[in-house]
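Let's take a walk through this one together.

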Amino acid sequence: MADKLKVTLVKSPIGAIPKHRRTVEALGLTKMHKTVELPNNDATKGMVAQVRHLVKVEEV
């Protein structure tokens with residue numbers, strides 16, 4: 001199991017519901033195609049699962 005996740009914003013959250021917009025922002029994704037490395041824990045996986053239609057996830 002990888003200890004980090006690489007999360008990239010691939011779809012704009014403009015039309016998304018406000019909860020999903022806040023989740024994307026909380027993940028540290030502010031612009032399209034921005035990539036952040038986050039710890040691979042349950043909290044991060046839950047946030048990514050909520051906005052899986054807006055992001056691309058890779059294990060590092």
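Which residues are buried in helix α1 (residues 18–26)? They are His 20, Thr 23 and Val 24, where buried means under 20% relative accessible area, exposed means over 50% and partly exposed lies in between, using a 1.4 Å probe and protein chains only. The three cover an arc of only 100° around the axis, which puts them on the same side of α1; that arc is taken from the directions running from the helix axis to the C-beta atoms. The general rule here is that an α-helix has 3.6 residues a turn, so residues three or four places apart point the same way.

Before going on, a word on what you're looking at. This is a predicted model, in which local features need pLDDT of at least 70 and side-chain atom pairs count only at pLDDT 80 or more, while totals for chains, interfaces and linings use all residues. Residues are numbered from 1 along each chain as its sequence is written, and side-chain values use heavy atoms, with hydrogens and water left out.

So what do the buried residues of α1 pack against? Their partners are β1 (4–9) and α2 (42–50).

Zoom out and the protein has 2 helices and 3 strands, and read along the sequence they follow the pattern β-α-β-α-β. Both kinds of element are DSSP runs numbered from the N terminus: helices are H or I with at least four residues, strands E with at least two.

Now for the inside. The largest nonpolar core has 13 residues, and Val 7, Leu 29, Leu 54 and Val 55 have the most contacts inside it. Such a core is a set of buried Ala, Val, Leu, Ile, Met, Phe, Trp, Tyr and Cys residues joined through side-chain atoms within 4.5 Å. Two or more residues come from each of β1 and β2 (35–39), and β1 gives the most, with 3 residues. Take Val 55: leaving aside residues up to four places away in sequence, Val 55 touches Val 7, Thr 8, Leu 9, Val 10, Leu 29 and Val 48, a contact being heavy atoms within 4.5 Å.

Finally, of the 60 residues of the protein, 33% count as buried. Along its principal axes, the C-alpha trace spans about 35 × 20 × 15 Å.
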